[in-house]
Amino acid sequence: MNIVPISQARGASIEERTDLTKEGLKRAFLDNLFYNQGKFPALATKHDYYMALAYTVRDRLLQRWISTAQTYTREGSRTVAYFSAEFLLGPHLGNNLVNLGIMDPVRQAIRELGLSFEEMLGQEEEPGLGNGGLGRLAACFLDSLATLEIPALGYGIRYEFGIFAQDIVDGQQVELTDKWLRFGNPWEIARPEWAVEVKLGGHTHHYTDERGRHRAQWLPSWTLFGTPYDTPILGYRNNTANTLRLWRAEAPEAFDLSTFNRGDYWGAVNKKVVSENITKVLYPNDEQIQGKELRLQQQYFFVSCSLQDMLRIMQVQKIPLERFHEKFAAQLNDTHPAIAIAELMRLLVDEQGMDWELAWDITRKTFAYTNHTLLPEALEQWPVALFARILPRHLEIIYEINTRFMDEMRIRYLTDHERLNRLSLINEHGERYVRMAHLACVGSHAINGVAALHTELLKQDVLADFYQLWPEKFNNKTNGVTPRRWLTLANPRLSGLISQAIGDDWVRDLDQLRQLEPYVDDAAFRTDWRFIKRANKEDFAGFLRRRTGVLIDPQSLFDVQVKRIHEYKRQHLNVLHIIALYHRLKVNPTLEVVPRTFIFGGKAAPGYHMAKLMIRLITAVGEVVNKDPAVRDRLKVAFLPNFNVTNGQRVYPAAELSEQISTAGKEASGTGNMKFCMNGALTIGTLDGANIEIRDEVGAENFFLFGLTAEEVQAAKLGGYQPLDHYRSNPELGAVIDLIREGCFSRGDRDLFRPIVDGLLHHDPYMLLADFQGYLDCQAGVDLAYLDKERWTRMSILNTARSGKFSSDRTIREYCREVWKVEPVKIDLLSQGEFKGGLGG
């Protein structure tokens, strides 16, 4: 390595700092190793090399980032503000290399320097700033917004510790601290000059102003500051780099010297500790009141910071306050940021002196609301007493919104008291609660579900009263995923084959994958397709062996269910099928079965006992099945710990069967189903969430369907569903349940899995026993299809070819056209002279 670093030779120009050639990248890499990491190669660690490469790539983003910001500022562009408590981004380095179009030259440059490019990619700490689909959807949307050249800001929380890292110890989930910031984050830039003050607690003072208007002043018990940390989000092979702005909580004074001098050493730093707790960890356990308080504080903190930041942008761009809703289209990603409606009212009325009616008109025109759940218990409600203690002024504002709203509703519905109670923003049954979904519905101009069935069920059930009131507000926006990460980056072999066949324009226009359809009749193409799937399976098998010690056969059918562990997602239905196959082999050891590897992954919420017990059951069944010589490796069960974006990029390309088996009517959409489909896996699933639309797109003949419909589930429950009837009438189901109950998978301990068994036999709210036989019959159809390799390959190709609808680009185009009313803005890169000119130089 004798290349001279750029800065050692002379001051680097913009052109040199953004050079995309192999030699330019080499020089920049060594320059960053020398000047940013303070190391020379003999002393550098693997992490130093990663950081040097990250800074090299970031330099090439910055020209686009600054050019984008300057253009938006100059033109006052209408901007999407995407409010989300979660952004599950995944590693930045690989994704930025794809979007810059420099994956190959960077790989070559690093290898010519005698280093391992793959090892560098593996050094990046994944920012676990999300829990699952909600946060990953937000990340996909940011990628699509930038790719489509839509002005956008993502607003969220910079959690110091993200979602826990999961390990499996003695078959049980163990939660470990996610220290994603321990070595620093090269992709973010702190902006302390844009910090804002946030108030909490205290009380309000009411008075009459000089114009005779009633006014309120919030007198908080404590304040803290929110400091923004900005990350560039690059579009695919264009000049747009939007901003993800995450807020970190800080105390106004980090150290109280006078308190320290009095000998109160703890008190001297206590305010710092209490303030910074607000952004310390993603989703604290809210079973205790302290956890609920912290959750509410987190949600309010980030929306207050974000709205104040939006007002600052208005001021910088010299846009009148009355045009706030013309400058910004704000999207609420579920109910977590719904307090933004009351906060914008507070800022406009209390801080800016605006009349209520005008402020309310602006607020409703600004916000749109995405609902992500059909589970009533997942619709956020806050105890009024807690709300009053944390946000006293906001409770008053919500009361005022509710008073005006209910006055209108009483005129409309007269004495229909049940409906009026259902519509009220305050739940008056027992302990009083603030209903955040109601606030989002009343304070937004648009309300959407995330799959066609989900939106219809919102209209019919969860939000039926609001749909009957405002049908024009409701619309569907079926979720999507970005093909840049989930196909181009995750599956380079397959994306290469696709580009070889149809060109590479499909990466930004996924509908072009339809051009693959004629290739189902091309024998050579089918052979290449199978070769790639086999290579991906071998890669994954090697990774799984290193990670878990479990040896799996790449020739077996890879049957995969990776997602958050929850009873409605029915991982335990999958386990019942495994036990049924195992029991058949024990009864008839010579039985011919299609060899299968069952791969599970996903995290259970720390306080969700049943979900954690489901993980224990999966691993216990695997422990028995994998060791039984009678099985002869025809069945294998593996649990992949710590399922996250990185591990998703490993498993989706290797999967052959995608398990999407939630109870019909429970899954809002799902996005994992789309990633599997895009990568050529076939789906076995119910008519739930986006499964319905996937089946419509790929064709019923290329989808394995089973199970009750949402209507049949509802009818069965209304008819007095008795799960015991299925247990008694189905001998195979009875044998499977009895194997669990008798301790065959718990070393004779009949109590370990008793909660699961008793729940299924006496309650079964998610209808596993009702769907059991249909599921097994459908799995038999999977076996038949898999035995015909040519048929399976054709089905696989068609799943990929017909997955174009499930690009997040399509979803974002629909939002832009139908909800946000926002247009693309072309970005021209600043030159060295233009940049200096902007400084007055």
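Are Phe-405 and Phe-466 buried or exposed? I looked this up before anything else, keeping in mind that I'm working with a predicted model. Phe-405 turns out to be buried, and Phe-466 is buried as well.

**Entry: aromatic pairs.** I looked up the total, and the structure has 24 aromatic pairs. One of them is Phe-405 with Phe-466, a stacked pair with 6.4 Å from centre to centre and 15 degrees between the planes. I then checked where the two partners sit. Phe-405 belongs to helix 16 (residues 392–413) and Phe-466 to helix 20 (residues 464–469), so this pair ties together parts 61 residues apart in sequence.

**Entry: Trp-486 and Tyr-652.** How far apart are the ring centres of Trp-486 and Tyr-652? I found 5.4 Å, with the planes at 90 degrees; angles over 60 count as edge-to-face, so that's what this pair is. Trp-486 is in helix 21 (residues 483–489), while Tyr-652 is in the loop between helix 26 (645–651) and strand 21 (657–660). That puts the partners 166 residues apart, so I've noted the pair as a link between distant parts of the chain. Both Trp-486 and Tyr-652 are buried. Trp-486 has another neighbour in my notes: Lys-675 lies over its face, 4.5 Å from the ring centre.

**Entry: another lysine over a ring.** I also looked up Lys-789. Its charged end sits over the ring of Tyr-786, at 3.4 Å from the centre.

**Entry: a cluster.** Which residues form one aromatic cluster with Tyr-82? I wrote down Phe-141, Tyr-815 and Trp-820.

Technical notes:
Residues numbered from 1 in each chain as written. Predicted model: local features only at pLDDT ≥ 70, side-chain atom pairs only at ≥ 80, totals over all residues. Heavy atoms only, no water. Phe/Tyr/Trp six-rings, centres within 6.5 Å; stacked < 30°, edge-to-face > 60°. Helix = DSSP H or I, 4+ residues; strand = E, 2+ residues; numbered from the N terminus. Buried < 20%, exposed > 50% of the residue type's maximum accessible area, 1.4 Å probe, protein only. Lys NZ or Arg CZ within 6 Å of the ring centre and 35° of its normal.
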